[in-house]
Amino acid sequence: MSSSYESYNTVTIYRVELNPPCLCHDQPVSKLREAWKPNNPACRFYNCAKLMISNDSCNFFHWLDPALPKHYKDTLWNMKLRINDLMVRNGQVVELQKKVEKHKLLRKAEKELVEARIQELLIEIQSLKKMLKKVVLIAMVCFLFVVMYFKLV
């Protein structure tokens, strides 16, 4: 086990270089993990790699980081809670953005349908105008025939 520290102002930084082995069935298998509990926020530790996946572990446990003062623990834990809250809020914003995009797409589709219907109606109006012109022409021809008939009689 080797460790060193350097002092900057009044903060001591520990560097611990070790990978302590656990002895599960004569195989050194330990895993570096990070605790996120109110008492030990962001504290790294080694434990038996089998601990999380089976009951057949040696219960090996070793802290890598030194204990933090309560103020630092509280600060880290509060930051973690804020980050979690922001992630939840970010998820809500993403969901709202998806809903807005979906609404925009629906409005765009509605707009396209309305525009297509307007085009259909304009074509129908043009057709009706042509038909009306024909009807007026036929009515005028009929009127002329009637006038000519009465002149002859």
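Tutor: A salt bridge is a side-chain nitrogen of Lys or Arg within 4 Å of a carboxyl oxygen of Asp or Glu. This is a predicted model, in which local features need pLDDT of at least 70, side-chain atom pairs count only at pLDDT 80 or more, and totals for chains, interfaces and linings use all residues. Residues are numbered from 1 along each chain as its sequence is written, and side-chain values use heavy atoms, with hydrogens and water left out.

Student: How many salt bridges does the structure hold?

Tutor: One of them joins the side chains of E101 and K104, at 3.8 Å from N to O. The total held by the structure is six.

Student: In which helix do E101 and K104 both lie?

Tutor: Helices (H or I, at least four residues) and strands (E, at least two) are DSSP runs, numbered from the N terminus. E101 and K104 are three residues apart, about one turn of the helix. The element that holds both is helix 1.

Student: What is the N to O distance between the side chains of D85 and R89?

Tutor: D85 and R89 are four residues apart in helix 1, about one turn. Their side chains meet in a salt bridge, with an N to O distance of 3.1 Å.

Student: Is E95 buried, partly exposed or exposed?

Tutor: Buried means under 20% relative accessible area, exposed over 50%, and partly exposed in between (1.4 Å probe, protein chains only). E95 meets K98 in a salt bridge of 3.7 Å, N to O, and the two are three residues apart in helix 1, about one helical turn. With a relative accessible area of 41%, E95 is therefore partly exposed.

Student: Which side chain of opposite charge is nearest to K73?

Tutor: Lys and Arg count as positive and Asp and Glu as negative, while His and the chain ends are not counted. K73 lies in helix 1; it is buried yet has no salt bridge. At 8.1 Å, the nearest side chain of opposite charge is that of D74.

Student: Leaving aside its neighbours within four places in sequence, with which residues is K73 in contact?

Tutor: Contact means heavy atoms within 4.5 Å. With neighbours within four places in sequence set aside, the partners of K73 are P38, N39, N40, P41 and L68.

Student: What is the phi of A42?

Tutor: Most residues other than glycine have a negative phi. A42 lies in the loop between strand 5 (30-35) and strand 6 (43-48), and its relative accessible area of 23% makes it partly exposed. Although A42 is not a glycine, its phi is positive, at about 60°.

Student: How far apart in space are F61 and K31, C-alpha to C-alpha?

Tutor: F61 is found in strand 7 (residues 61-63). Beyond its neighbours within four places in sequence, F61 is in contact with F45, Y46 and N47. F61 and K31 are 30 residues apart in sequence, and their C-alpha separation is 9.7 Å.

Student: Which residues form a positive surface patch?

Tutor: Patches are made of residues with over 30% relative accessible area and no salt bridge, with like charges joined within 9 Å and nonpolar side chains (Val, Leu, Ile, Met, Phe, Trp, Tyr) within 5 Å. K133, in helix 1 (residues 70-152), counts as exposed because its relative accessibility is 64%. The positive patch is formed by K129, K130, K133 and K134.

Key:
Accessible areas come from the Shrake-Rupley method with a 1.4 Å probe; for residues, only the protein chains shown count as cover. The place of a charge is taken as NZ of Lys, CZ of Arg, CG of Asp or CD of Glu.
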